[in-house]
Amino acid sequence: MRLSERDQQVIWHPYTQAQLSGAPIAIVRGEGVNLFDDTGNKYLDAVSSWWVNLHGHSHPYMSQKISEQLHTLEHVIFAGFTHQPAIELAERLLSILPSNQNRVFYSDNGSTATEVAIKMAIQYWWNKGITKTKIIAFEHAYHGDTFGAMSASARGSFTDAFSELLFEVIHIPLPLKGHENLTISILQKEISESGNTIAAFIFEPLVLGAGGMLMYEAEVLDQLLEICSENSILAIADEVMTGFGRTGKNFACGHLTRKPDIICLSKGITGGTMAFGATTCTAEIYAAFLSDDRSKTFFHGHSYTANPVACSAALASFDLLIKEECQQNIQRIASSHVDFVTRNQGHKILKNLRSTGTILAMDIETVEQNSYFHSLSTRLYTYFIDQGIILRPLGNTIYLMPPYCINDQELSRVYAAMESFI
Ligand SMILES: *Cc1c(COP(=O)(O)O)cnc(C)c1O
């Protein structure tokens, strides 16, 4: 039996309606931007395998560093014990994160990174004896699939079955261009009506990923953060997708003048090689958990917290990310995207062309209302797969988020495929 047939006997895939989907493609090997299936077909990974891959597949330097660590120490309990890769990674992350970040708490994926952030923010106030438990988030937000992360995310098809069980969150509209003042006034109104009960504002800085690659400006986010700060509301930047160069700077928060109190990291942190997450916070937040009273401890941890192999993968990816070559690649991709947007501006069918750093997105205008289940989505996906390109539209939104090692020819090939579909 072929791999895809065996798969269909035993496996349940994420975000997949098995009854309506074809057999999955079995990938046997990866190299650079390409993936190869079991019949020898080649696919250009234009979505970085769900936004995680930074330096290409099976990168020799990454493999070497991970392998070395595996031969030295594969794992150790992280309560009462520590190790060099975890310490070095924390030191290096803090050296490039906004300067107010002071402590690193490890977990193992993006949803846990945001769960940790939300729990950290709420317990911060609890430890100080202040009752503040409400959370503010953006409409269209996506913060993960665990219950806390789902609660903070937009409500819709992903969360309908659980709506009774999710905690209440104040959702404010996204400050899209031209709508900034509306968001600001709604935030002010929600704060004044809340009677000082809001613990934190969680947001995806500059780009909302799963919500449809929606983009907004750093300037208005700075204004929102200023209002939060004036009202003692902690700012949680969910950089799970935007981190590690995606927006053209190491972190999207690097585009801001204000600094968030808590930052969530995952996806690109290991260059796309291993599941890993981190939540960082200020010295002030960390200090609120220090006490002779053990009840103020942060009672949170995962079996694989700070896994040394994952930390080594993150260190190796960090080495590659800060190299001049990688930084230049990021700028090269960003300016190609800008050219694509300029070239197709005013297009009859491609609407809302937009790019932030290495992320390019556009909506295809149709009579059908946009939704995640838009019928165009499957047609687009199949069209690109037939051309040997992996693009996974969000409804009628096509986006491109390539590994940074993609070259100009490969980029042009993807642009051409997008233009030819139209
Ligand atoms: C993907 C994502 C998450 C969830 O990460 P997982 O590793 O898939 O759990 C959280 N926040 C943002 C912004 C994301 O893009």
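Colleague: Is Arg-2 buried, partly exposed or exposed, and what is its relative accessible area?

Modeller: The general idea is a scale: buried means under 20% relative accessible area, exposed over 50%, and partly exposed in between, with a 1.4 Å probe and protein chains only. Here Arg-2 is partly exposed, at 43%. Keep in mind that this is a predicted model, where local features need pLDDT of at least 70, side-chain atom pairs count only at pLDDT 80 or more, and totals for chains, interfaces and linings use all residues. Residues are numbered from 1 along each chain as its sequence is written, and side-chain values use heavy atoms, leaving out hydrogens and water.

Colleague: Which residue does Arg-2 form a salt bridge with?

Modeller: Side chains of opposite charge can pair when their charged atoms come close. The rule asks for a side-chain nitrogen of Lys or Arg within 4 Å of a carboxyl oxygen of Asp or Glu. Arg-2 does this with Asp-38, the closest N and O atoms being 3.4 Å apart. The two sit 36 residues apart, Arg-2 in the segment before helix 1 (3–10) and Asp-38 in the loop between strand 2 (34–37) and strand 3 (42–45). Asp-38 is partly exposed too, at 29%.

Colleague: How many salt bridges does the count come to?

Modeller: The count is 7. Another one of them joins Lys-177 and Glu-217, at 3.2 Å from N to O. That pair is 40 residues apart, with Lys-177 in the loop between strand 6 (170–172) and helix 7 (180–194), and Glu-217 in the loop between strand 9 (214–215) and helix 8 (218–230). Lys-177 is exposed at 64%, while Glu-217 is partly exposed at 40%.

Colleague: And helices: at what angle do helix 4 and helix 10 pack?

Modeller: Helices (H or I, at least four residues) and strands (E, at least two) are DSSP runs, numbered from the N terminus. Axes are lines fitted to C-alpha atoms, for helices over the stretch in contact, and angles run from 0 to 180 degrees between N-to-C directions. Helix 4 (84–96) and helix 10 (308–321) pack at about 40 degrees, with axes 9 Å apart.

Colleague: Which residues of helix 10 meet helix 4?

Modeller: Counting heavy atoms within 4.5 Å as contact, the helix 10 side has Pro-308, Cys-311, Ser-312, Ala-314, Leu-315, Phe-318 and Asp-319. Helix 4 brings several residues, including Leu-89, Arg-92 and Ile-96.

Colleague: Where is the salt bridge of Asp-319 and Arg-92 placed?

Modeller: Their side chains meet at 2.8 Å, N to O. Asp-319 is in helix 10 and Arg-92 in helix 4, 227 residues apart. Asp-319 counts as partly exposed, at 23%.
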